[in-house]
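Q: Hi! Could you walk me through this model once it is on screen?

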Amino acid sequence: MSKNGLTRFLQWLQQNTVLYFRFVLFITFTGHGLVSLGFSEGYELHYRIFEAVNIFGIEPAFFLRVQGIWDLVLAALILFAFFPKVVLPVAGIYLLTVAGCGWAYFVHKTGSLFGIAESFRRFPWIFYCLFLSLYYYRHTEYYKLLRIGIAFAFLAHGLASLGLFGLKGAHIELASQIFSEQVANNIVFYSGFTDTFLGLWLLTGFYSRMPAIIGSVWLLVVVYLSLLFGVPEFLFRSGFLLSCIYVAIDKRCHIRPV
């Protein structure tokens, strides 16, 4: 692509933020839904999470089928902007519920109440739903919400990789696609420091395009490993990559130092 072509593309991208993040949520919900429908080894984790919060005795396999279909329906409604003033708040509330279930699973598995990283994993999508909801209700775009959203993604991964407030099993499974288990454990642990640092830096907003650029490069590796694990994981984590790339591009997402 020529320099002029790239410039025009970047301009188009920044003029169509709402469409871009509708697509980000589309691939995120699609990936999550496909996992719940059993198209990935990650189905077992979804099964265990639901078992941990299933106080009504619902058959887990049935619930996950319903959840998978629900995710795919939400994905389509968000992408094509059907009733966005209703769908986006509903999606946000649903994601808050999923975040709570992630925390409950951590409590069930560890006995500790401090599973904030398991909830942080869902915060990016909650912030993106909030960003889009504010656009459709007020016709305003709070770009900083996009930066804060991806910051929580790095914080969640970083804290969990360090064994703090979250579970790192899925991280190790991902790294184990190309490394031995011992090497994968080491990589996950040390990446926890960098991810936590990137997340905190992004939260500040100051000179935060740099961590967004670094994070985008790192997420390219994560998305590649996810493709080796399964297509649903690839779609799901591509949402992180695309949102991080956008934050790296658009200056409006960042605080301008005085």
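Q: Which helices each supply at least two residues of the lining of the largest cavity?
A: Those are α4 (60-79) and α5 (84-110). Helices here are DSSP runs of H or I with at least four residues, numbered from the N terminus. One caveat: this is a predicted model, where local features need pLDDT of at least 70 and side-chain atom pairs count only at pLDDT 80 or more, while totals for chains, interfaces and linings use all residues. Residues are numbered from 1 along each chain as its sequence is written, and side-chain values use heavy atoms, with hydrogens and water left out.

Q: Which of them gives the most to that lining?
A: α5 does, with 3 residues. The lining as a whole is R22, L77, I78, A81, F82, P84, V87, L88 and Y136, where a lining residue has an atom within 4 Å of a cavity point.

Q: Switching topic, how many residues of α2 are buried?
A: 16 of its 20, so the helix is mostly covered; buried means under 20% relative accessible area, exposed over 50% and partly exposed in between, with a 1.4 Å probe and protein chains only. α2 (residues 17-36) reaches 29 Å from its first C-alpha to its last, close to the 28 Å expected at 1.5 Å a residue, where the expected span is 1.5 Å times one less than the number of residues. Just after α2, G38 takes a positive phi of about 90 degrees.

Q: How many salt bridges are there?
A: The search finds 3, each being a side-chain nitrogen of Lys or Arg within 4 Å of a carboxyl oxygen of Asp or Glu. One of them joins R48 and E44 at 3.0 Å, N to O, and both lie in helix α3 (residues 43-53), 4 residues apart, about one turn.

Q: What about R252, which residue does R252 pair with?
A: D250, with the closest N and O atoms 2.7 Å apart.

Q: Is D250 buried or exposed?
A: D250 is buried, because its relative accessible area is 1%. R252 is partly exposed, at 28%.

Definitions and conventions:
1 Å grid on protein atoms, 1.4 Å probe; cavity = no way out; pocket = protein on both sides within 12 Å on 5 of 7 lines; lining within 4 Å.
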